[in-house]
Amino acid sequence: MSIVFDAEGDVWYNGKNTLYFMKEQSMYEETTIAAIATAPGEGGIGIIRLSGVSAAEIADKIFHTGKIKTFKEAVPYMMYFGHVTDGEKRIDEGLAVYMKAPHSYTGEDVVEIQIHGSAEALRETLALALRSGAVPAMRGEFTKRAFLNGRLDLAQAEAVMDIISAKGEAALTQAESHLSGALSGFVHGVMEELKDLITKLEVTIDYPEEDLEDLTMEETGDALEKIDKSLSALLKRSEEGRVIREGLRTAIIGRPNAGKSSLLNALLQEERAIVTDVPGTTRDTIEEAVRISGVSLLLMDTAGLRETDNKVEQIGIERARASMEKADLILAVIDGSSPLDEEDKEILHSLVGKKAIVILNKYDLTPEVKAEDIWEIAGHVPVVSLSARYGSGMDELREELRKITEKQDTDAGRILFLTNLRHVELVRKALDNVLRARASVREGLQADFIVIDLTEAWKTMGEITGDTMDDELIHSIFSRFCVGK
């Protein structure tokens with residue numbers, strides 16, 4: 001198995017004349033697609049987007065302005081006031097803008113028509129565009145065309161959806177970093193290092209009799225160690241990237257009637273969980289999200305931890321313990337108005353070595369527990385005294401939460417994270433191939449064995465940016481996008 005890089009940067013892979021493009025791809029599409037590009041529901045503005053070779057001609061048929069005769073004469077990126085009309089029927093008034101290829105999102109001629117955000121007006125305008133020659137856009141087709149026309153690579157295209165679905169400022173910052181090419185630059189750098197190694201090793205394989213300067217196994221090993229460290233460090237940060245994208249999984253635990261549900265309601269500033277004086281009211285795990293600084297916290301209010309014969313409550317307690325195991329952060333609620341009992345001590349023991357905050361609740365009553373009592377059992381974890389019922393002390397808790405989330409919030413803009421599970425798996429697969437190549441070097445195997453693994457690592461890294469992916473996988477990825485994007 002081998003690959004050959006030609007002078008133009010294209011790649012012949014495995015000697016089978018299968019060409020993978022390392023340069024920008026282009027696509028000529030005869031169809032012009034149309035879709036509503038704004039979210040469903042009422043709004044001040046709604047947008048219909050047209051993209052393709054006939055975008056201007058179709059726009060001429062449905063949007064009329066006295067400023068120009070045809071959109072082909074329009075000044076690109078200038079807004080024109082006019083009306084959407086169907087014959088003599090006026091549908092709505094609004095603005096339209098023409099973006100000339102290749103300087104548009106898709107790389108094709110694009111016209112966007114902005115009218116009032118009436119669902120009916122948008123549907124009528126889209127129907128009119130389709131009757132005038134456009135075809136309905138499939139999921140993600142605008143971004144897919146941007147990818148195929150070389151406007152974005154696959155990692156950048158996926159970042160578009162990450163921006164749309166960002167759950168906090170940190171997630172948005174990291175998605176924008178990927179869209180600007182930070183991840184793509186890293187991937188292409190690694191691919192270039194792998195390509196250089198493969199090329200030099202291929203020379204020693206194909207021309208052993210020539211008096212050429214061979215790449216020593218020591219040099220090969222050093223180069224592979226550098227790539228290994230680079231990929232390993234990125235993977236190590238992938239868990240932090242998951243937190244940035246999905247939020248910090250936060251389990252609220254404690255014995256029954258300690259005030260867990262009251263705390264959840266206080267953090268959400270709404271009555272989400274039922275609060276009673278009856279222990280064991282919460283039987284199932286309740287999940288809600290709240291944003292602290294730029295990071296989303298996925299709060300899990302769990303059943304009270306205690307010994308019980310009630311089968312339903314037992315199931316809730318088992319789920320509570322499972323939530324603790326998968327949590328990134330634990331908020332342990334202790335009833336500070338009564339001395340610590342054995343159940344409290346068991347909960348505190350379980351916090352050792354974990355990221356946690358202990359909350360001494362019910363401090364509107366006479367305090368019976370001090371921070372020193374907590375530290376003797378759980379170690380030096382943050383301790384906050386508050387009254388979830390009356391809201392006093394909540395600012396102090398939010399400050400402790402901010403201290404935990406601010407690192408992700410700060411790092412999001414300056415450190416590269418993997419926030420996409422597909423990217424994580426591909427980097428892990430590429431690293432496995434690099435590690436096998438390193439093992440081959442240590443064992444003194446022939447260069448052919450090393451090239452096999454390096455070629456697979458190079459190809460796998462290329463799947464992140466779409467340089468080495470087949471059409472079916474690319475279609476599968478874009479089919480997860482929303483219509484209109």
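Predicted model: local features only at pLDDT ≥ 70, side-chain atom pairs only at ≥ 80, totals over all residues.
Reader: Where do I begin? How many helices and strands are in the protein?

Author: Begin with the elements. The protein has 16 helices and 16 strands.

Reader: What share of the residues counts as buried?

Author: Take the whole chain before any single residue. Of the 485 residues, 50% count as buried. The accessible surface is about 23,700 Å², and carbon and sulfur atoms hold 51% of that.

Reader: Why does Ala251 count as buried?

Author: Buried means under 20% relative accessible area. Ala251 has 0% relative accessibility, so Ala251 counts as buried. You will find Ala251 in strand β11, residues 248-253.

Reader: How far apart are the C-alpha atoms of Ala251 and Asp328?

Author: Compare chain and space. Along the chain, Ala251 and Asp328 are 77 residues apart. Their C-alpha atoms are separated by 8.1 Å. Now the whole protein. Take contacts between residues at least 6 apart in sequence: 67% of them join residues at least 24 apart.

Reader: How do I find empty space?

Author: Rolling a probe the size of a water molecule over the atoms shows where space is left empty. Take the second largest pocket here. Its volume is about 270 Å³.

Reader: Which residues lie nearest the centre of the second largest pocket?

Author: Ile36, Ala37, Thr38, Ala39 and Pro40 do, out of 14 lining residues. Helix α2, residues 119-131, gives the largest share of the lining, 3 residues.

Reader: How many lining residues of that pocket are nonpolar, polar and charged?

Author: Sort the lining by residue type. The second largest pocket has 9 nonpolar, 3 polar and 2 charged residues in its lining.

Key. Residues numbered from 1 in each chain as written. Heavy atoms only, no water. Helix = DSSP H or I, 4+ residues; strand = E, 2+ residues; numbered from the N terminus. Buried < 20%, exposed > 50% of the residue type's maximum accessible area, 1.4 Å probe, protein only. Contact = heavy atoms within 4.5 Å. Areas by Shrake-Rupley, 256 points an atom, 1.4 Å probe, with all protein chains shown as cover. 1 Å grid on protein atoms, 1.4 Å probe; cavity = no way out; pocket = protein on both sides within 12 Å on 5 of 7 lines; lining within 4 Å. Points joined across faces, edges and corners; volume = space filled by probe spheres on them. Nonpolar A, V, L, I, M, F, W, Y, C, P; charged D, E, K, R; others polar.
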